[in-house]
Amino acid sequence: MKTYQQGWTLRRRVLALLTVVGVLLVGLAVAEAAVAARNRQHTDAVLTKTGPLRVQGQELLNALLDQETAVRGYAVSGDRADLAPYEQGLQQERDTVGQIRSLGADYPGVLSALGAAEQQAADWRRSVAEPVISTTERSGTDAGQALIDDPARQQFDQVRASIGSLQEQILRERESTARNIERTNNLLVLLLIIAAVVVVLAGAALVLSLERMVVRPLTGLASQVREVAEGDYQHHIDASGPPEFRRLAIDVDAMRQKIARDLAEVREARERIEWVNSQLQKQAEELTRSNRDLEQFAYVASHDLQEPLRKVASFCQLLQRRYSGKLDERADQYIAFAVDGAQRMQRLINDLLAFSRIGRLTTGFTEVDLNSVMADVAGQTEAARQYADAELTWSELPVIRGEEPLLTNLLANLVSNSVKFRRPDVVPKVHVSARLVGDEWEITCQDNGIGIEPEFADKIFVIFQRLHSKDAYPGTGIGLAIVKKIVEYHGGRVWVDTDVDEGTVIRFTIPARAEDVEAATADRDEATDAPAGEAGDAPAGEAGDAPAGEAAAGSGTAEREAAAEVPKQPAPAPDGVSVAGDGEADPRSGTTDGMKERVG
């Protein structure tokens with residue numbers, strides 16, 4: 001024991017090691033910070049100085065070309081209006097030169113080349129442009145054109161050459177800065193490697209020290225503690241190792257003597273925990289009741305707001321019909337604002353009512369064929385798809401347990417959103433598919449629209465949250481909130497898949513029926529047990545026996561084949577709009593894999 005007391009304690013050894021490693025790492029971190037700062041400076045120079053300098057150099061050349069072209073045009077036409085580009089070019093030249101001087105303040109070579117280019121341009125204006133303009137004004141176009149000879153053109157070529165020299169100088173500065181960036185990057189990598197080596201060596205030293213000073217003494221102490229834990233409360237605990245472990249052994253031995261008293265305290269603590277659990281259960285029940293009351297309040301409040309709002313909207317519309325054109329333009333505008341506001345408020349209240357009814361007014365779960373649901377959705381969204389020339393397709397969809405009206409509302413909202421948020425000049429395409437993942441159906445609605453930025457992937461499911469103004473895309477911002485509430489009511493989850501290159505992909509899950517899961521599991525087991533050669537020898541007709549989840553996984557090819565086989569009965573289209581794949585056949589005929597609803 002005296003040896004350990006006279007030597008370093010475990011804490012002192014560990015602190016010494018960590019201090020050395022910390023000093024080394026802090027030094028490396030400071031060096032890396034300095035190198036990174038230099039790297040940022042060089043990078044900023046490339047992005048904010050040399051890059052814009054090249055653009056400004058080209059702008060300077062364009063300004064000089066405008067001046068030369070304007071002088072030539074004036075010498076030919078004699079029309080003073082043809083000199084407008086010359087004046088504009090002069091102003092653009094002055095502005096561009098000022099910007100180049102500001103950006104190139106740290107590059108003397110660039111400023112020198114700019115001065116030479118300015119001198120060349122000034123000489124050309126003094127010896128060519130201004131004489132041509134004054135001669136044309138005094139003596140006519142023939143005299144002005146006579147001054148635009150080969151020496152004049154050669155002088156302007158010299159101006160071009162000076163601008164080229166300026167661009168070459170800028171490029172050299174840019175390449176020099178790029179080399180500096182490469183050097184600082186290499187230095188950063190070297191410093192990181194050194195830091196990694198320091199960490200590895202420190203870790204190895206720490207592991208070896210812990211094995212000798214911690215693991216072995218602690219293992220002996222643990223074996224004695226296990227004897228006490230097995231019921232031998234009279235066993236005296238001996239300790240070895242660093243002073244900390246000896247003190248720990250004394251504390252454990254004291255704890256052994258207090259076990260009996262502690263057991264009584266544990267019983268009391270268990271009773272208190274049970275009481276706390278009962279209180280938590282009561283609070284959970286209170287929270288559930290509060291949520292029901294809030295939903296009821298939203299429903300009642302929205303319902304009671306309908307009557308006064310309906311009266312406001314009606315009288316505003318009466319004002320608009322009776323006094324439209326009889327008052328001044330501003331009064332008509334104010335009335336239109338009032339009517340629009342009342343109508344939007346009615347839509348918001350109706351959407352809030354629909355949102356509050358989800359899960360509160362229930363008809364009970366039944367088996368729902370999503371293919372039939374998609375046929376209803378196609379009918380509900382037909383007008384919007386006709387207007388947008390949109391194409392709606394879906395693969396073979398499963399039968400699930402749920403409420404058919406809510407599921408229809410869910411898919412209609414997704415399809416309507418996909419049609420609404422379309423890209424200009426691109427035919428909107430919406431595809432709905434499903435696959436079995438574990439014991440859930442994962443249903444996907446994919447489109448080729450404007451897409452959703454990843455940072456807004458969660459925000460779109462919040463009620464009344466909009467990412468666009470109402471003038472750009474109409475609506476109240478509640479559709480996806482309704483989707484989320486319906487999905488969660490059915491025991492699933494919904495999210496936006498951001499790993500797509502184009503458009504928007506929204507996925508949601510619905511629990512699968514037990515028989516579907518069992519069938520899929522059995523088919524997978526059979527496929528696993530069957531020899532590899534038999535899979536390719538199966539008759540083509542047996543492909544239809546695969547489970548729905550596997551059929552959906554390969555719906556890309558099957559969709560095109562099935563779409564070619566399904567007979568299409570054209571339906572009359574309003575206002576001369578042609579409709580393909582939207583016949584009056586039984587909706588059940590749309591359940592084959594690859595059913596297409598094309599509005600064009």
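**Surface patch and overall build**

User: Which residues form a nonpolar patch on the surface, and what is their accessible area together?
Analyst: This is a predicted model. The residues that form the nonpolar surface patch are Val 189, Ile 193, Val 197 and Leu 201. Together their accessible area is about 360 Å².

User: Does Leu 201 count as buried or exposed?
Analyst: Leu 201 belongs to helix H6, which covers residues 150-229. Exposed means a relative accessible area over 50%. Leu 201 has 58%, so the residue counts as exposed.

User: How many helices and strands does the secondary structure of the protein chain come to?
Analyst: The protein chain has 600 residues, of which 34% count as buried. Its accessible surface is about 35200 Å², with 55% belonging to carbon and sulfur atoms. Its secondary structure comes to 17 helices and 9 strands.

User: Among contacts between residues at least 6 apart in sequence, what percentage joins residues at least 24 apart?
Analyst: The contacts in question are those within the protein chain whose partners are at least 6 apart in sequence. Among these, the share that joins residues at least 24 apart is 72%.

User: What distance separates the C-alpha atoms of Ser 112 and Gln 169?
Analyst: Ser 112 is part of helix H4, residues 108-139, and is exposed, with a relative accessible area of 52%. Along the chain, Ser 112 and Gln 169 are 57 residues apart. Their C-alpha atoms are separated by 9.5 Å.

User: How far apart in space are Thr 48 and Leu 103, C-alpha to C-alpha?
Analyst: Thr 48 sits in helix H2, residues 10-77, and counts as partly exposed at 45% relative accessibility. In sequence, Thr 48 and Leu 103 are 55 residues apart. In space, the C-alpha to C-alpha distance is 8.1 Å.

**Aromatic pairs**

User: What is the geometry of the aromatic pair Phe 365 and Tyr 489?
Analyst: The count of aromatic pairs comes to 2. In the pair of Phe 365 and Tyr 489, the ring centres are 5.7 Å apart and the planes are at 80°. Planes over 60 degrees apart count as edge-to-face. The pair is therefore edge-to-face.

User: How many residues apart in sequence are the parts that Phe 365 and Tyr 489 tie together?
Analyst: Phe 365 counts as partly exposed at 34% relative accessibility, and Tyr 489 counts as partly exposed at 27%. Phe 365 lies in the loop between helix H9 (329-357) and strand S1 (366-369), while Tyr 489 lies in helix H13 (residues 479-489), so the pair ties together parts whose separation in sequence is 124 residues.

User: How many residues of helix H10 are buried?
Analyst: The buried residues of H10 include Leu 370, Val 373 and Val 377. Helix H10, residues 370-380, is mostly covered, and of its 11 residues the number buried is 8.

User: Which residue has a side-chain oxygen within 3.0 Å of the backbone nitrogen of Asn 371?
Analyst: Asn 371 is one of the buried residues of H10. The contact is found at the start of H10, and the side-chain oxygen belongs to Asp 369.

User: Which residue's backbone nitrogen does the side chain of Asp 497 reach?
Analyst: Asp 497 lies in strand S6, residues 494-497, and counts as buried at 16% relative accessibility. Not counting residues up to four places away in sequence, Asp 497 touches Val 505 and Arg 507. At 3.0 Å, the side chain of Asp 497 reaches the backbone nitrogen of Asp 499.

Key. Residues numbered from 1 in each chain as written. Predicted model: local features only at pLDDT ≥ 70, side-chain atom pairs only at ≥ 80, totals over all residues. Heavy atoms only, no water. Helix = DSSP H or I, 4+ residues; strand = E, 2+ residues; numbered from the N terminus. Buried < 20%, exposed > 50% of the residue type's maximum accessible area, 1.4 Å probe, protein only. Polar contact = N/O pair within 3.5 Å; in protein donor to acceptor, adjacent residues only side chain to side chain. Contact = heavy atoms within 4.5 Å. Patch = residues over 30% accessible without salt bridge, like charges linked within 9 Å, V, L, I, M, F, W, Y side chains within 5 Å. Areas by Shrake-Rupley, 256 points an atom, 1.4 Å probe, with all protein chains shown as cover. Salt bridge = Lys/Arg side-chain N within 4 Å of Asp/Glu carboxyl O. Phe/Tyr/Trp six-rings, centres within 6.5 Å; stacked < 30°, edge-to-face > 60°.
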